[in-house]
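Hi,

Here is the structure I promised to pass on. Have a look at it first, and my notes follow below.

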Amino acid sequence: MNPDELKTVPNLLSVLRLLLVAVLWVPAFLNLPRYVGAGLLIAGMTDALDGFIARKTGTVTEYGSKLDSIADTSVVISAVFWIVLLRPEIFLDHRVLVTLWIVAEALSIIVGWIKFRRIANLHLYSAKAAGVAGYIFVVLAFMFGYNEILFYIAFVVLTVSSVEALVLQLFCSRVDEHMKSIIYVYREGRLS
């Protein structure tokens with residue numbers, strides 16, 4: 001890694017997201033869900049901005065993609081724990097569905113780590129949709145209490161994204177951030 005790479009705006013936004021995750025554990029442990037929700041809203045904005053700025057400024061790098069993936073994974077894992085801590089009724093009301101999504105996401109991460117020695121940063125369209133749906137659901141759940149309709153929407157989109165990432169990692173010899181979707185990869189003939 002070039003030390004100057006860390007100084008780019010997109011990478012600084014990813015680092016900010018990582019730091020924000022660490023800071024948000026404090027209000028989570030103090031039972032302050034609205035602060036956690038506000039922090040996740042900021043994290044979501046940094047997530048949207050880092051990739052946009054990187055593409056517009058031509059500062060897209062492998063290091064930046066990996067940093068973004070680490071930050072995204074940290075947010076997702078922490079948000080799951082914060083929901084258990086602050087809004088346990090979501091898990092209690094939907095144990096089976098939440099477990100299915102967690103298993104699909106965990107398998108995707110594990111397969112990527114074993115097969116490619118990294119957390120795959122696929123930038124799938126479904127992952128972008130899942131990020132938006134997940135952020136909306138979690139932020140609103142922390143700010144105002146959870147909405148069951150939003151839960152089901154987020155569950156479906158998150159699960160589809162996790163399963164798509166898992167399938168691509170199982171059946172592709174390489175993964176990269178330009179995969180877009182399983183349909184795109186299939187049309188390119190990259191599925192084995």
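Helices here are DSSP runs of H or I with at least four residues, numbered from the N terminus. With that numbering, Asn31 sits in the loop between H1 and H2. Please keep in mind that this is a predicted model.

Asn31 is worth a look for its backbone. Most residues other than glycine have a negative phi. The phi of Asn31, though, is positive, near 60°. With a relative accessible area of 52%, Asn31 counts as exposed. Lys180, also not a glycine, has a positive phi of about 65°. You will find Lys180 in the loop that runs between H7 and helix H8 (182-188), and its relative accessible area of 30% makes it partly exposed.

Next, the helix packing. Helix H2 (residues 33-57) and helix H3 (residues 62-86) have axes that come within 11 Å and cross at roughly 160°. Because of that angle, H2 is roughly antiparallel to H3, and the crossing is left-handed. On the H2 side the contact is made by Pro33, Val36, Leu40, Ala43, Asp47 and Asp50; H3 contributes Asp68, Asp72, Val75, Trp82 and Leu86. Sorted by type, the residues of this contact are seven nonpolar and four charged, with no polar ones.

Then there are the aromatic rings. How many aromatic pairs are there? The count comes to seven. In one of them, Trp25 and Phe29 have ring centres 5.5 Å apart and planes at 35°, so the pair is tilted. Both belong to helix H1 (residues 9-29), where they are four residues apart and thus separated by about one helical turn. Trp25 is partly exposed at 24% relative accessibility, whereas Phe29 is exposed at 60%.

Phe137 and Phe151 pair up too: their ring centres are 5.8 Å apart and the planes stand at 65°, so this pair is edge-to-face. Phe137 lies in helix H6 (residues 125-144) and Phe151 in helix H7 (residues 148-171), so the pair ties together parts that are 14 residues apart in sequence. Are these two residues, Phe137 and Phe151, buried or exposed? Both are buried. They also belong to one aromatic cluster, formed by Phe137, Tyr146, Phe151, Tyr152 and Phe155.

I would be glad to hear what you think once you have had a look.

Best wishes

Definitions and conventions:
Residues are numbered from 1 along each chain as its sequence is written. This is a predicted model: local features need pLDDT of at least 70, side-chain atom pairs count only at pLDDT 80 or more; totals for chains, interfaces and linings use all residues. Side-chain values use heavy atoms; hydrogens and water are left out. Axes are lines fitted to C-alpha atoms, for helices over the stretch in contact, and angles run from 0 to 180 degrees between N-to-C directions. Helices (H or I, at least four residues) and strands (E, at least two) are DSSP runs, numbered from the N terminus. Angles under 35 degrees count as roughly parallel, over 145 as roughly antiparallel, 65 to 115 as roughly perpendicular and the rest as oblique. A crossing is left-handed if the near helix is turned anticlockwise from the far one by less than a right angle, and right-handed if clockwise. Contact means heavy atoms within 4.5 Å. Ala, Val, Leu, Ile, Met, Phe, Trp, Tyr, Cys and Pro count as nonpolar, Asp, Glu, Lys and Arg as charged, and the others, Gly among them, as polar. Rings of Phe, Tyr and Trp (its six-membered ring) pair if their centres lie within 6.5 Å; planes under 30 degrees apart count as stacked, over 60 as edge-to-face and the rest as tilted. Buried means under 20% relative accessible area, exposed over 50%, partly exposed in between (1.4 Å probe, protein chains only).
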